[in-house]
Amino acid sequence: MSAAPIDNVLDRLEKVRQRAPGQWSARCPAHADKGPSLSVRETPEGAVLLHCFAGCTPGAVVAAMGMDLADLFPPRTPSGNEPTRTPRLLTPAQALELLDSEARLICVAGGNIVNSVVLTQADLERVALACRRIAYLRQEATWPGGAHHA
């Protein structure tokens, strides 16, 4: 969107009324609003704040306007000093849960082998996948500088 966030928001609302500089009221698009229950404010930085007095969340209001929460903020101009961040696909709790599940699978397969149970090709492929997942989790747990935390 090329217009300022406040202009994009106000253009999508009904019964908009300016209350004060940088402050408006309007019908909330997230529920069957008969009167203006939505408060809209623009911050000095150009961000838009929304509050529905009927209880709709900002996410619901924005979605009803066909927008995303990010559309409430002006575009960021990178300074070049931002830290480089590597996105993590799993939270630490999810990683531990996956590690536990894969380790249990490998233990069961090992127990079957010890008891002379022949693993099928599908079983062997699943064990190989578990090993790859554990290796991935170990790599993801590597701290900068190559040290692993215990």
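This is a predicted model: local features need pLDDT of at least 70, side-chain atom pairs count only at pLDDT 80 or more; totals for chains, interfaces and linings use all residues.
Residues are numbered from 1 along each chain as its sequence is written.

Buried means under 20% relative accessible area, exposed means over 50%, and partly exposed lies in between (1.4 Å probe, protein chains only).

Contact means heavy atoms within 4.5 Å. Leaving aside neighbours within four places in sequence, Val-40 is in contact with Ile-6, Val-9, Leu-10, Leu-13, Gly-22, Gln-23, Trp-24, Val-48, Leu-49 and Leu-50.

**The helix pair α3 and α4**

Two packed helices are described by the angle between their axes and the distance between the axes. The axes of α3 (residues 92-114) and α4 (residues 121-140) come within 9 Å and cross at roughly 145 degrees. Axes here are lines fitted to C-alpha atoms, for helices over the stretch in contact, and angles run from 0 to 180 degrees between N-to-C directions. On the α3 side, the contact is made by Ala-95, Leu-98, Leu-99, Glu-102, Ala-103, Leu-105, Ile-106 and Ala-109. On the α4 side, the residues are Arg-126, Val-127, Leu-129, Ala-130, Cys-131, Arg-133, Ile-134 and Leu-137. By class, this contact has 13 nonpolar, no polar and 3 charged residues. In that count, Ala, Val, Leu, Ile, Met, Phe, Trp, Tyr, Cys and Pro are nonpolar, Asp, Glu, Lys and Arg are charged, and the others, Gly among them, are polar.

Helix α3 has 23 residues and reaches 33 Å from its first C-alpha to its last, close to the 33 Å expected at 1.5 Å a residue. The expected span is 1.5 Å times one less than the number of residues.

**Residues in the loops**

| Residue | Relative accessibility | Class |
|---|---|---|
| Lys-15 | 56% | exposed |
| Ser-116 | 63% | exposed |
| Phe-73 | 47% | partly exposed |
| Gly-46 | 14% | buried |

Lys-15 lies in the loop between α1 and β1 (17-20), and its phi is near 55 degrees, a positive value in a residue other than glycine. Ser-116 lies in the loop between α3 and α4, with a positive phi near 65 degrees.

Gly-46 is found in the loop between β3 and β4. Not counting residues up to four places away in sequence, Gly-46 touches Pro-5, Leu-72 and Pro-74. The C-alpha atoms of Gly-46 and Ile-6 are separated by 7.4 Å, although the residues are 40 apart along the chain. Phe-73, in the loop between α2 and α3, is in contact with Pro-5 and Ala-47, leaving aside its neighbours within four places in sequence.

How values were computed:
Side-chain values use heavy atoms; hydrogens and water are left out. Helices (H or I, at least four residues) and strands (E, at least two) are DSSP runs, numbered from the N terminus.
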